[in-house]
Amino acid sequence: MKTTEQNIDDILIPILEQVSDPEIPVLSIMDMGVVRSAVFENNIVKVQITPTYSGCPAMDVIGDDIKAALKTAGYNSEIELILAPAWTTDWITPRGRKALEDYGIAAPLDAEADKDVLLNGKRIVKCPQCGSTNTRLVSQFGSTACKAQFQCDDCQEPFDYFKCLK
Amino acid sequence: MKQNLYNYILGIADNSLILGQRLGELCGHGPTLETDIACTNISLDLFGQVRSYFQYAAKIAGDNRTEDDIAMLRKEREYKNVLLVEQPNTNFAYTMARQFLFDVYHLAFLTELQKSTDLTLSAIANKCIKEVSYHERFSSDWIKRLGDGTDESNAKMQEAINDLWTYTDELFHQTEADKAMVAEGIGIDVTKLKEHYYKQVNDLLEEANLQVPESKWFQKGGKEGIHTEHLGYLLSDLQYMQRTYPNMEW
């Protein structure tokens, strides 16, 4: 996990953990790994965030939500969107992965397994509802750019799989 | 202002902008719900990439220009996209053939652009390539499914490939801005991508039970701003709001 590249002031961590991903409300932006740095500079908090996908429409909202949360805590802030290093699903924390599963979204597999699933139709994605791996790909693109659509052939429930991005 | 770099960025970004707009036309009109969502997701990725490029271009321009001005307020001749991406959706075979013929190029191009000495461009390339590799998987998959499907799906895909083939060679055509940027180590020498491109495309067509077109007659002009008639109609759609209500915002 490359979280060591993050540079976040300890005082700010609990505040930023309160901000959730608008499309996956159970997941905090910290667990998502989109906050790359948050430090004080001349009494202003400079926050750097990085998009999951280039076209992610949630980024503007996330920026506004961070500003609002910091304001409530008494800090003024400036948000900067950075592209390098590019976001990867490896930056989702273990707590974030658990939150995804609890919410009904299968967490990303590693790159090799992800390829097997999306290209070769291998049945290894675990259904977040019943835990079966008797699941199949319905569509490589799901409800948002970061997810693919799956169906479980045991409990029949459709679900989203968070695609590996590396 | 660095005019060559500005033009170079627009040349890259316009391909994504125009293809993104084409795919966006399918929103609510895709052949099935899944393909509809897939096409619009790809469109969204492309628009996201375009924003990164245009924000950078606006910064280089150094005047009050914004990313939206660059996207919405140019005239047809000022768009530098290749002819391939402006071709109409026609039917799903055309949509996927166009996507595939572009994706294979796009992936190869971004792979090289990551090595650009321009750090912003290499960062954008590094970001985009992850998304584009999903696009390429998706379109390749459909070439195989339709090519190797029924007689009818095979015939439709073959027709689409035959018709769009004439626009593929332009991808490897170098403009003056390209040459200047290659000399500076910022740009990519697209002529070097050609051999690998046709090998990859031809192999997949063969695997999909499709004939590689034999025609050696190729169209070009988009990179110089000389477009097919289709672009004007696309732009009138794309620019409608900003032309009718200048400076409007959401």
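How many bridges join strand 2 of chain A to strand 3 of chain A? Two bridges join strand 2 (residues 20-21) to strand 3 (residues 24-28) of chain A, and these strands run antiparallel. The structure in which they lie is a predicted model, where local features need pLDDT of at least 70, side-chain atom pairs count only at pLDDT 80 or more, and totals for chains, interfaces and linings use all residues. Residues are numbered from 1 along each chain as its sequence is written, while chains are lettered from A and ligands numbered from 1 in the order in which they are written.

Strands and helices are DSSP runs, numbered from the N terminus: a helix is H or I over at least four residues, and a strand is E over at least two. Two strands pair if DSSP finds at least two bridges between them. In the pair described above, Ser20(A) has Ser28(A) in strand 3 of chain A as its bridge partner. Strands 2 and 3 of chain A form a hairpin, with two residues between them.

Chain A as a whole contains five helices and 10 strands. Its radius of gyration (taken over C-alpha atoms) is 17 Å, close to the 15 Å that the globule rule gives for 166 residues, so chain A is as compact as a globular protein of that length. That rule is 2.2 Å times the number of residues to the power 0.38. The C-alpha trace of chain A spans about 55 × 25 × 25 Å along its principal axes.

Chain A also holds an open sheet of four strands in the order 7-10-9-8, with mixed pairing. Strand 7 (105-106) and strand 8 (135-139) of chain A are its edge strands, each pairing on one side only. Strand 8 of chain A pairs with strand 9 (residues 147-152) of chain A in the antiparallel sense, over four bridges. Thr135(A) has Cys152(A) in strand 9 of chain A as its bridge partner.

Chain B is built from 11 helices and zero strands. A compact globule of 250 residues would have a radius of gyration near 18 Å, and chain B agrees because its value is 18 Å. Its C-alpha atoms fill a box of roughly 55 × 40 × 30 Å, taken along the principal axes.

Two packed helices are described by the angle between their axes and the distance between the axes. Axes are lines fitted to C-alpha atoms, for helices over the stretch in contact, and angles run from 0 to 180 degrees between N-to-C directions. Helix 5 (residues 92-113) and helix 9 (residues 194-207) of chain B pack at an angle of about 140°, with their axes 10 Å apart. Helix 5 of chain B is therefore oblique to helix 9 of chain B. Angles under 35 degrees count as roughly parallel, over 145 as roughly antiparallel, 65 to 115 as roughly perpendicular and the rest as oblique.

The axes of helix 2 and helix 6 of chain B come within 11 Å and cross at roughly 170°. These two helices of chain B are therefore roughly antiparallel to each other.

The two chains also meet. Their contact takes 20 residues from chain B and 17 residues from chain A, where two residues are in contact if their C-beta atoms, placed from the backbone, lie within 7 Å. On the side of chain B that touches chain A, helix 2 (33-61) and helix 6 (119-147) of chain B each supply at least two residues.
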